[in-house]
Amino acid sequence: MPQLEVGGKSYEVDEDGFLQELDKWGRDFAQGYATIEGIEGELTEEHWKLIDYIREYYAQFGIAPMIRKMCKDTGFDLKKIYTLFPSGPAKGACKLAGLSKPTGCV
Amino acid sequence: MKKNFHIDDFTHPGGQVTELDPAELSPLPPPYDKREKPPIRKLTDEQSTRMDASLDGVVAIGLTPPKSPEEEKAFIDKFLAGIEKLFSTDDNWTFLQPLVHTLEYCVKCQICSDACPVYVSSGRQDIYRPTMRPELFRRIVSTYIKKEHPLLRKIKDSDIDLNWQTLARLGELAYRCTLCRRCAQVCPLSCDNALISREIRKVFSQQMGIAPKEIHEKGSVQQLRVGSSTGMTPAALRNILEFAEEEIEEKTGRKIKIPVDKKGADILLIHNAGEFIAWPENLEAFAIILDAAGVDWTLSTEIAGYDSVNYGVWYDDFQFARVAIRQSQAARALGVRKISLGECGHAHKAGIVVADRVLVGDLIIPRESSLPLLEEIVLSGRIKFDPSRNHFPVTLHDPCNMVRLMGIVEPQRRILRKICPQFREMTPHGVENYCCGGGSGFAITQSTNFPDWRNSVSGRMKMKQILEAFQDAPGPEVKKYVCAPCSNCKGQFRDMFEYYDVWEKSGILYGGLVELIVNAMADLKKPFIQWEWH
């Protein structure tokens with residue numbers, strides 16, 4: 001399993017950099033990963049709003065929220081999400097939120 | 001690149017059997033004829049130490065080399081034990097007959113090669129010929145299973161040197177065929193070379209525990225554990241359905257309660273769960289249509305009862321049977337009259353056709369495609385349509401399992417002819433269609449550089465067909481719609497269109513069939529289809 005250095009700590013990730021040990025996630029992981037994802041500087045309140053929303057939904061239902069629900073519940077449209085996370089909701093926001101890669105025919 | 005393939009290229013340890021050359025790939029129409037980047041990413045040095053990519057530089061399963069000669073020998077022995085099982089009636093009663101037929105009757109005429117989109121698109125790479133896997137397979141059988149005399153093998157040219165490298169390449173090669181079965185369709189002797197791909201995958205999975213993670217561990221195993229390969233639990237499903245009901249009301253003004261676990265309903269509708277997560281408009285459209293037509297239907301919240309996928313149909317008979325039984329049990333628990341499958345091609349093959357082999361007693365519940373049901377509703381006049389609402393270019397993608405395997409060709413067309421004034425066919429289409437490129441699990445195989453191969457090689461023919469179908473209005477200013485009644489195909493189109501920037505360059509969106517039906521409903525105030533890339 002590949003390892004990834006994020007913010008001075010080593011994490012187990014899959015081939016595409018998704019965190020494998022979900023319980024290892026911390027805010028420093030998200031902040032450290034932001035640099036890798038090409039997000040400049042500190043994560044803003046808006047970044048955290050989306051990350052926290054995704055993590056809360058995951059804690060409750062065990063999957064990432066569907067994108068349209070994410071948009072509706074956070075008030076961000078898809079364009080805004082791409083501005084915040086250039087790799088998009090699944091490959092960007094969910095990755096920073098420490099979720100594993102989506103599975104199934106999605 | 002290597003065109004004149006010799007069997008030693010395949011068995012020789014080290015090196016790479018072939019390298020795809022971007023210049024050799026079959027041409028795409030402009031503006032897609034120029035590509036600046038190499039089509040397939042190289043593995044990193046670190047990945048190369050862990051994963052074997054010595055077939056074509058691409059990784060679907062990515063085996064790790066053995067650490068000792070003993071490990072290598074154990075690996076080969078295990079594989080051969082699996083091959084032996086394929087020829088035993090007890091172990092392989094399901095597919096023994098077509099397997100033997102294909103191995104013994106192929107005369108290597110190569111008619112199938114030109115029918116194979118992977119072979120043609122790749123610039124006619126020998127290793128991708130549909131006959132290549134059976135060729136290697138026959139050699140293995142001749143040398144190691146039948147143990148034919150060396151002289152006979154020399155005369156027959158049926159020798160092969162089996163080492164770890166050969167098997168690692170063969171395992172990968174089994175995942176370079178989308179199981180579209182175009183080769184089987186054109187074979188004058190009814191050999192099914194796609195079946196051989198699947199039999200090889202079976203040995204790797206059933207005997208050796210090797211399969212792409214997305215298909216096995218995160219796929220069928222997860223489906224049997226939590227209910228869906230998406231990881232969606234029944235609680236998540238209910239949450240999503242609530243959201244879908246809200247969306248339906250916002251879009252149509254209709255308050256529709258999506259029926260769940262309704263005992264004694266006429267129809268249990270099973271969607272590919274991908275719809276719930278990625279394309280909720282599809283399940284919403286189904287609900288709107290069935291509600292408007294007064295159909296007595298329900299969804300299930302039982303394990304596998306709300307996810308029609310059955311990935312076993314691509315790689316593993318055991319996983320296949322486990323899922324097929326759970327799905328039928330869900331229907332039996334509700335006492336429905338029949339199961340109707342939503343827009344998912346492989347689920348049609350698995351649930352309607354192949355499941356006949358494993359369901360017995362009261363688990364034999366009628367299982368049908370939803371397409372004829374939709375046709376009946378649309379053509380019956382029960383719902384009023386205004387086709388001018390679909391006044392944009394529409395073409396139809398045929399999921400291989402629906403057309404070639406099952407012959408479901410006309411229902412979807414009769415619907416589109418009625419409600420889409422600018423419907424046009426691709427060439428070829430119907431039973432002669434080309435795969436989207438994501439068949440047999442490829443669309444969900446998202447790891448390492450496999451998506452690059454899928455987008456630039458296995459999907460290439462379909463990409464070309466789509467662009468040609470819309471050549472009268474190629475620019476992005478005219479919005480166009482590829483109707484793909486299959487979640488797997490939709491996933492492939494989403495990835496491939498992103499890869500080639502198709503939405504920006506050509507304005508082509510993809511979606512299901514039911515969305516077009518609802519979009520044409522005369523009494524809806526707003527269009528149902530939202531022209532946003534997703």
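In which loop of chain B is the place of B:Leu179? B:Leu179 lies in the loop between α10 (164-173) and α11 (182-186) of chain B, where helices (H or I, at least four residues) and strands (E, at least two) are DSSP runs numbered from the N terminus. This is a predicted model, in which local features need pLDDT of at least 70 and side-chain atom pairs count only at pLDDT 80 or more, while totals for chains, interfaces and linings use all residues. Residues are numbered from 1 along each chain as its sequence is written, and chains are lettered from A and ligands numbered from 1 in the order in which they are written.

**Backbone features in the loops of chain B**

- Most residues other than glycine have a negative phi, and most peptide bonds are trans.
- B:Leu179 has a phi near 60°, a positive value in a residue other than glycine, and B:Leu179 counts as buried because 26 other C-beta atoms lie within 10 Å (buried means 20 or more other C-beta atoms within 10 Å of the residue's own, exposed means 12 or fewer, and partly exposed lies in between, with C-beta atoms placed from the backbone).
- B:Lys108, which is not a glycine either, has a positive phi of about 60°; its place is in the loop between α5 (96-105) and α6 (111-115) of chain B, and B:Lys108 counts as exposed because it has 11 C-beta neighbours inside 10 Å.
- The peptide bond from B:Pro30 to B:Pro31 is cis, with omega near 5°, and B:Pro31 sits in the loop between α1 (7-11) and α2 (45-50) of chain B.
- Another cis peptide bond joins B:Thr427 and B:Pro428, with omega about -15°, and B:Pro428 is found in the loop between β6 (423-424) and α23 (450-458) of chain B.

**Strands and sheet**

- Strands of a sheet pair through backbone hydrogen bonds, either parallel or antiparallel.
- In chain A, strand β1 (residues 3-6) pairs with strand β2 (residues 9-12) in the antiparallel sense over four bridges, where two strands pair if DSSP finds at least two bridges between them.
- Within this hairpin, A:Val6 stands opposite A:Lys9 in β2(A), and A:Gly7, in a hairpin with two residues between the strands, takes a positive phi near 55°.
- In chain B, four strands form an open sheet in the order β6-β5-β7-β8, and the pairing is parallel.
- Strands β6 and β8 (508-511) of chain B stand at the edges, each with a single partner strand, so one side of each is left without a neighbour in the sheet.
- Strand β5 (residues 394-396) of chain B pairs with β6(B) in the parallel sense over two bridges, and B:Thr395 has B:Arg424 in β6(B) as its bridge partner.

**Helix packing in chain B**

- Helix α20 (residues 370-380) and helix α22 (residues 410-419) of chain B pack at an angle of about 30°, with their axes 8 Å apart; axes are lines fitted to C-alpha atoms, for helices over the stretch in contact, and angles run from 0 to 180 degrees between N-to-C directions.
- That angle makes α20(B) roughly parallel to α22(B) (angles under 35 degrees count as roughly parallel, over 145 as roughly antiparallel, 65 to 115 as roughly perpendicular and the rest as oblique).
- The residues of the contact of α20(B) with α22(B) divide into eight nonpolar, one polar and three charged, where Ala, Val, Leu, Ile, Met, Phe, Trp, Tyr, Cys and Pro count as nonpolar, Asp, Glu, Lys and Arg as charged, and the others, Gly among them, as polar.
- Helix α14 (residues 234-252) and helix α16 (residues 280-293) of chain B pack at an angle of about 70°, with their axes 10 Å apart, which makes α14(B) roughly perpendicular to α16(B).
- The contact of α14(B) with α16(B) has seven nonpolar, one polar and two charged residues.

**Contact between the chains**

- The contact takes 15 residues from chain A and 32 residues from chain B, with two residues counted as in contact if their C-beta atoms, placed from the backbone, lie within 7 Å.
- On the side of chain A that touches chain B, the largest share, three residues, comes from helix α3 (residues 67-74) of chain A.
- By class, that side of chain A has seven nonpolar, three polar and five charged residues.
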